[in-house]
Amino acid sequence: MKKQQVLVEVDDLAFPWINRFMKESQKQVLLETNQSGYLELQNISYGWKIGKKTLDQCNLSISSPGLWMVVGSNGSGKSTLFRLISGLISPQEGRFICSFQPALMLQNPDHQLLLPSCSSDLLLSLPPDLDSSQRDERINSALTQVGLEDMADRPIHTLSGGQKQRLALAGALASQANLLLLDEPTALLDPISQRSILEIVRKITRKSDKAPITALWITHRLEELTFCDAAAIMEQGRLGQWFSGEEVMKKII
Ligand SMILES: Nc1ncnc2c1ncn2[C@@H]1O[C@H](COP(=O)(O)OP(=O)(O)OP(=O)(O)O)[C@@H](O)[C@H]1O
Ligand SMILES: [Mg+2]
């Protein structure tokens, strides 16, 4: 993959008084990377309530495309971490560097599918500057990637739960996001639909794919760890280091 330079914004809220005196040019860093994107969290903290940190000095670095999994007990801060990476909330302390375009996918597809048919829903995800043939092409390609190529006109309420989750994934792909944030995407699915989502995501994150993307996947289903490139454990608002899926499984069981 060719090396490229990316200019990314830096949030340094740990030292707001220094931040005030920084020139605009110093708030950006030029990264040389041969990846499709770059994500780094340095000592990030965030509290929903004053005085209680949900994310506590959390560090995370993603250095290559692939399928990265996060496990951890209920309330350890996994979904809060994803909200922060997707830009829904901002860090209260720490440094956040991200050149990816993220898309968040939730446990329940009914919480993110809004329009009546598959193709009309996908239209919502597309960048605004496409003409109608580019829009059709992008929609057909996203539906094909998730195995729903014959379903463009299908009313969403007639889809099964597994098909709805694949449509939600097609929305993320149609938006041309290069960082998928999957928050327990298979929690409501049967084993066959679970496997189909896992296989689609694994395929598009392979280095052999022409434009491999990066996926961060939260799971409570430990058997899913056998599909990942690396996994880390979230504990009390802090993410541990990356290990192989098998090693993380052994640490938990
Ligand atoms: N929107 C919110 N408003 C207030 N508190 C919140 C909000 N979202 C999460 N929290 C709190 O933050 C803490 C961490 O929640 P979070 O959802 O990040 O955990 P999680 O690791 O994703 O848990 P689970 O495995 O159950 O999904 C919890 O105490 C939760 O109540
Ligand atoms: Mg959660």
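Author: A helix here is a DSSP run of H or I with at least four residues, and helices are numbered from the N terminus. The model is predicted. In these terms, helix α2, residues 78–85, supplies the largest share of the shell around ligand 1, namely three residues. The shell as a whole is made up of W48, T54, G72, N74, G75, S76, G77, K78, S79 and T80. By class, eight of the shell residues are polar, one is nonpolar and one is charged.

On confidence, the mean pLDDT of the chain is 87, and 86% of the residues reach at least 70. The lowest value among the elements belongs to helix α1, residues 16–21, with a mean of 46, while strand β11, residues 238–239, has the highest, 98. Residues 12–21 have a pLDDT below 50, and this stretch makes ten contacts in the model beyond near neighbours in sequence.

Elsewhere in the chain, two helices pack against each other. The axes of helix α4, residues 132–145, and helix α5, residues 161–174, come within 9 Å and cross at roughly 135 degrees. On the α4 side the contact involves R138, I139, A142, L143 and Q145, which meet A170, L173 and A174 of α5. Six residues of this contact are nonpolar, one is polar and one is charged.

How values were computed: Residues are numbered from 1 along each chain as its sequence is written. Chains are lettered from A and ligands numbered from 1 in the order in which they are written. This is a predicted model: local features need pLDDT of at least 70, side-chain atom pairs count only at pLDDT 80 or more; totals for chains, interfaces and linings use all residues. A residue is near a molecule or strand if its C-beta atom, placed from the backbone, lies within 6 Å of it. Ala, Val, Leu, Ile, Met, Phe, Trp, Tyr, Cys and Pro count as nonpolar, Asp, Glu, Lys and Arg as charged, and the others, Gly among them, as polar. pLDDT is the predictor's confidence in each residue, from 0 to 100. Two residues are in contact if their C-beta atoms, placed from the backbone, lie within 7 Å. Axes are lines fitted to C-alpha atoms, for helices over the stretch in contact, and angles run from 0 to 180 degrees between N-to-C directions.
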